[in-house]
Every structure is written in C-alpha cells, then in structure tokens.
Amino acid sequence: MAQRICFLGHGGSGKSTVAQNISHALALLGYRVLLVGDSFYSTALLRGQAEVLPALEAYRAQYKINLKDCILPTQSGVFCLELGSIEPGIGCLARGVNLIDEMLETQNITQGLGLDYILYDISGEIPCTGYILPIREGVMHRCILVTNGSFAAAATVNSLLQAVVKAGRRDVLPVQLLLNSAGPEAKEQLLSFAQAVNLPVLGSVEYAKGLHYSALAGKTIFAAAPQCPAAQNMRQVAQALLKPAQPAPLAPYTRSELLSWISAWQQRELHRLLEEEGQPYSNSSGEQGGKHG
C-alpha cells in the first residue's frame, strides 16, 4: 500500500519547494511517487511548462472524471496531480483531498501506477475542520510540518499540533518537524521548541543559494545541479523520510505559553542584532522565555 505523507505549514515556509525536491529524490532512489498539490506552484518545478488539468476544477465542471487524465508523468519520474482552485466562500480544499484520494483507490490508480508514496502539499494558515479533515479521517499516514525561521511559521506548527491532538490522532499518526532554511539562531530556538512539545525532528534543509536559484529557474536541485551540496542535503532528508516513524506524545504549547516563547525568542533576536551593530541592549521586561524556557 502506498504511504500517504502530507506536508503542512505556513505560507512562505518553503514547503512546496521542499515537497517537490523530496519527491524527485525519492524517484531517483527508485520509488514510484505521486505528488498531489493544491496550488499552481505545487508541481511547477517538476513539470516545467507542461500543462496539467486541475482535478477539482474538472470535477466541478463534469462531476464525473477519469482521474488519470489529470495525472502528469514528468521527466523526473514523479507523477504530478494538481487539485486546482476552490470557489471562495464555498469550497473546502481539504474535503477535495478526501475526494481525490477516494478516486485514486476506486479508479485503481494507486495500484495501477504501482505507487510507493503519495505526497500531499497542502497549504493553509489555520487548521479549520475542513483543513484537518484528511488527518482526522485517517487519509494521511504521516505528517511533516515544515517551518523556516519566522515566528509566524513556528506559530502555525503549534496550531497544527493542537489540531492533531484535538482530532484524536496523537497516538496513531507520526508527526515530524522539518526545518527549512532556518539560520543558526532560529534553528536553535526551533529545536528547543520541538523538544518542549515532544515533536520529533525529521531533519533540516540548510539554506543554499543553489536551491534558491534552481527554484527561480523552475527546476528541482536534482535537475539543476545534482552534485552540489544542496542536492546531497535533500537526499539526506529523503533518506530520513524512508525510515519508519512512530507517533509521539505531542504536547503543544497553550496560547499563553506560545506567546511567551515567541516573545522570548524575539528578545533574544533583538539582543543579537543590536550586539552585531554595537548598540546597547536593555530588556526592561525581564523576559526569560516562558514556562518551557
């Protein structure tokens, strides 16, 4: 049975770039991979200029589709499927994920393509009922929470953890943190956060100009510069994804704990920046980092 893994995170955290590069890395290792994306960028690095028929848009127009018509094979070896847009104020993209996943089985596509992995790039800032539906109903076998060094991305990770716990999936669904292009100071803070909330860390995608440039060129790092350090780093992350993962006793921050933790992080970052500029630093609040340090 194909393993279903969703990549979740704050907009701008780089999860779409990460998901596409990991998909390519898995294909290069010989695995059959389908990447399901929910935006025009979710599969762009893999398919280039090739057009793909958005599945949910086709479904809304016909209410009966052959999902194979929406799946695009690429030179990378990864199959790509884009969901397409939803109607503002009406549609729910996460419910669309459930619909498409059902089609993958009823139309015998998963088995027909011999898929080993189905990766889902699901966007969103707040895990509403619909957003968390594929997790709550057991569609996903594993969740990778992607964050960069921004405070907003870290807050989204904590919200997602709260949603997993509230959905009753904490004891059955492996959830892991993936750091993406977080600088040394942010990386230290995020690792301490992961430890405090019992969130296992999958790995870290280190910042590299090559990875950024390849994305701007519309390619994965393996298509642009397969021998560079950034490509090796991405291979290591893909290898980590292949290892079995176990559910952990997640303990996300409460709202007050999260605010305290972010405030302490901001104070430390301000202190660091002022020190670099040779300016004095004064923290009159005496903030020490909140309940979890």
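1. A nonpolar core is a set of buried Ala, Val, Leu, Ile, Met, Phe, Trp, Tyr and Cys residues joined through side-chain atoms within 4.5 Å. Buried means under 20% relative accessible area, exposed means over 50%, and partly exposed lies in between (1.4 Å probe, protein chains only). The model discussed here is predicted: local features need pLDDT of at least 70, side-chain atom pairs count only at pLDDT 80 or more, and totals for chains, interfaces and linings use all residues. Residues are numbered from 1 along each chain as its sequence is written, and side-chain values use heavy atoms, with hydrogens and water left out.

2. The largest nonpolar core has 55 residues, of which Leu 67 and Leu 199 touch the most other members. Helix H7 (residues 151–166) contributes the most to this core, giving six residues. A second, separate core holds 32 residues, including Val 78, Val 205, Phe 222 and Cys 228. Helices (H or I, at least four residues) and strands (E, at least two) are DSSP runs, numbered from the N terminus.

3. Which residues does Leu 67 touch, not counting those up to four places away in sequence? They are Ala 55, Leu 81, Ile 100, Met 103, Leu 104, Gln 107 and Ile 109. Contact here means heavy atoms within 4.5 Å.

4. Strand S1 (residues 3–9) is mostly covered, with six of its seven residues buried. S1 runs parallel to strand S5 (residues 117–121), and five bridges join them. S1 also pairs with strand S6 (residues 142–147), again in the parallel sense and over five bridges. Two strands pair if DSSP finds at least two bridges between them. Arg 4 stands opposite Ile 118 in S5, while Leu 8 stands opposite Leu 145 in S6.

5. Helix H9 (residues 209–216) has buried residues Leu 211, Ser 214 and Ala 215. Seen down the axis of H9, the buried residues fall within an arc of 100 degrees, so they line one face of the helix. The arc is that of the directions from the helix axis to the C-beta atoms. The face turned away from the buried side of H9 carries the exposed residues Lys 209, Tyr 213 and Leu 216. What covers the buried residues of H9 includes helix H1 (15–28), helix H2 (44–47), strand S8 (201–205), helix H10 (221–224) and helix H11 (229–242). Just after H9, Gly 218 takes a positive phi of about 80 degrees.

6. How many aromatic pairs does a search of the whole structure find? The search finds seven. Rings of Phe, Tyr and Trp (its six-membered ring) pair if their centres lie within 6.5 Å; planes under 30 degrees apart count as stacked, over 60 as edge-to-face and the rest as tilted. The rings of Phe 151 and Trp 265 have centres 4.7 Å apart and planes at 85 degrees, so this pair is edge-to-face. Phe 151 lies in H7 and Trp 265 in helix H12 (residues 255–276), so the pair ties together parts that are 114 residues apart in sequence.

7. Trp 265 also forms a tilted pair with Trp 261, at 5.2 Å centre to centre and 50 degrees between the planes. Both lie in H12, four residues apart, about one turn of the helix. Phe 151 is partly exposed, with 27% relative accessibility, whereas Trp 265 is buried at 3% and Trp 261 is buried at 2%. Phe 151, Phe 193, Tyr 253, Trp 261 and Trp 265 form one aromatic cluster.

8. The structure holds eight salt bridges, each a side-chain nitrogen of Lys or Arg within 4 Å of a carboxyl oxygen of Asp or Glu. In one of them, the side chains of Glu 185 and Arg 272 meet at 3.9 Å, N to O. Glu 185 lies in helix H8 (residues 184–196) and Arg 272 in H12, so the pair ties together parts that are 87 residues apart in sequence. Arg 272 also meets Glu 269 in a salt bridge, at 2.6 Å, N to O. Arg 272 and Glu 269 are three residues apart in H12, about one helical turn. Glu 185, Glu 269, Arg 272 and Glu 276 are linked in a network of salt bridges.

9. Glu 206 and Lys 187 meet in a salt bridge of 2.9 Å, N to O. The pair links distant parts of the chain: Glu 206 is in the loop between S8 and H9, and Lys 187 is in H8, 19 residues apart. Glu 206 is partly exposed at 34% relative accessible area, and Lys 187 is partly exposed at 24%.
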